[in-house]
Amino acid sequence: MIYADNAATTRLSPHALEVMTDLAQNAWGNPSSLYELGQRAQEVLADARSRMAKILGAEAKEVYFTSGGSESDNQAIRSCARLGAAKNKRHIVSTAFEHHAVLHTLKRLEKEGYEVTYLPVHENGVVTAQEVQAAIRPDTCLVTVMFANNEIGAIQPIKEIGAVCRAAKVPFHTDAVQAAGHVRIDVKEMNIDLLSLSAHKFHGPRGVGALYCRTGIPLYPLIEGGAQERNRRAGTENVAGICAMVTALEDMVKSLDKNAAYVSALRDKLIAGLETIPHSALNGDRERRLPGNVNFCFEGIEGESLLLLLDQAGICASSGSACTSGSLDPSHVLLAIGRPHEVAHGSLRLTLSEENTEADVDAILQEVPRIVAYLRGFSPIWQDLESGRSQHLL
Ligand SMILES: *Cc1c(COP(=O)(O)O)cnc(C)c1O
């Protein structure tokens, strides 16, 4: 089997698993308990928090542990919205191609009386700091722009957007779930006020994440209950999972440059090979791109059929984000970068990690062109394109 869907989730690293099982067995006390066993868990948790802070360039008291990317996104956005409402500011700036954890939270806030500006995204999948600046109003209470897109891998000018927000005194949140562990992050240097990350996107366990929230920005709890996470997130802490997350992230950051060089070389070979397929197009910027991300549109086919046949060939891939598979709507990200509906339907996302090999890339390059040609062979849409009854768009 070839796993090429690392943007959906990654394999738990053996090191993270080892830490997780060790702590589950040896530091299983409740960190809120006062006896030795509980206090040992408390110490382990405090250590994990300062290590996470160090990785992000933050302080330990600015790190909150959550259940993952979706919860961190929800809490960051809802907190800033509530803070804004208290000052009669109910306008939010975001983009058209955020993850659904952000987009659906924003849609909910619109129903609650907030106004959201969804910045259009350029064809390369990037928004500029100038565009963010132009969208900020006196009543803007939050800017939320993702660090790197989960479908097309486009990396946004986060530091510049952060600077614009800082100058306008508007809190800036970034969903860095795809970036953490893969791209260098420094919240102070990049002017980031709130940042979401999720362990299972960098070889940590599922159901664990973190939210960085800069000192001075009050965070409201989504989950009420005990006093955990300094009253910002109730619930007995997942100590083993949290430590496994921090371990996985430390390991990734330690070899970040080496991994990025290795994975982006595989990515570029894959892109070059897929580009030889007629009437295909790479989605997203070539340079400002996550090391492992490859995303293509092929005219005249359905992405879903391509995925099924790739699965039969032992290749795990996706057509867009895992969250939208199962729905027949084309990806909102591909529509946002201007791909027409009929083209957006024929998309393929392959996301590589440092566990992939050149042999994997060669095997994918054997299968994809063959399957695309096979599917086009009995596609009425393709026949219309080839006979001139309709115009090629790619
Ligand atoms: C996966 C993902 C999320 C959701 O994270 P979970 O931990 O699965 O809730 C949010 N944003 C982006 C960009 C993602 O890729």
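**Notes on the ligand site and salt bridges**

1. Start with the ligand: 13 residues surround it, and the closest are Ser70, Asp175, Gln178, Ser198 and Lys201. Keep in mind that this is a predicted model. By class, the shell has two nonpolar, eight polar and three charged residues. Helix 3 (residues 69–86) gives the most to this shell, with three residues.

2. In the side chain of Ser70, an N or O atom sits 2.7 Å from an oxygen atom of the ligand. A backbone N or O atom of Gly69 is 2.9 Å from a ligand oxygen, and an N or O atom in the His200 side chain is also 2.9 Å from an oxygen atom of the ligand. The protein covers 87% of the 380 Å² of accessible area that the ligand has on its own.

3. On to salt bridges: the whole structure has 23. Take Arg51 and Glu250, whose closest N and O atoms are 2.8 Å apart. This pair links distant parts of the chain, with Arg51 in helix 2 (residues 36–56) and Glu250 in helix 8 (residues 239–254), 199 residues apart. Asp47 joins Arg51 and Glu250 in a network of salt bridges.

4. Lys107 counts as partly exposed because its relative accessibility is 40%, and Glu110 is partly exposed at 30%.

5. Last, Arg137 forms a salt bridge with Glu115, the closest N and O atoms being 2.9 Å apart. Arg137 is in the loop between helix 5 (129–135) and strand 5 (140–144), while Glu115 is in strand 4 (residues 115–119).

Note on methods:
Residues numbered from 1 in each chain as written. Predicted model: local features only at pLDDT ≥ 70, side-chain atom pairs only at ≥ 80, totals over all residues. Heavy atoms only, no water. Near = heavy atom within 4 Å. Polar contact = N/O pair within 3.5 Å; in protein donor to acceptor, adjacent residues only side chain to side chain. Areas by Shrake-Rupley, 256 points an atom, 1.4 Å probe, with all protein chains shown as cover. Helix = DSSP H or I, 4+ residues; strand = E, 2+ residues; numbered from the N terminus. Nonpolar A, V, L, I, M, F, W, Y, C, P; charged D, E, K, R; others polar. Salt bridge = Lys/Arg side-chain N within 4 Å of Asp/Glu carboxyl O. Buried < 20%, exposed > 50% of the residue type's maximum accessible area, 1.4 Å probe, protein only.
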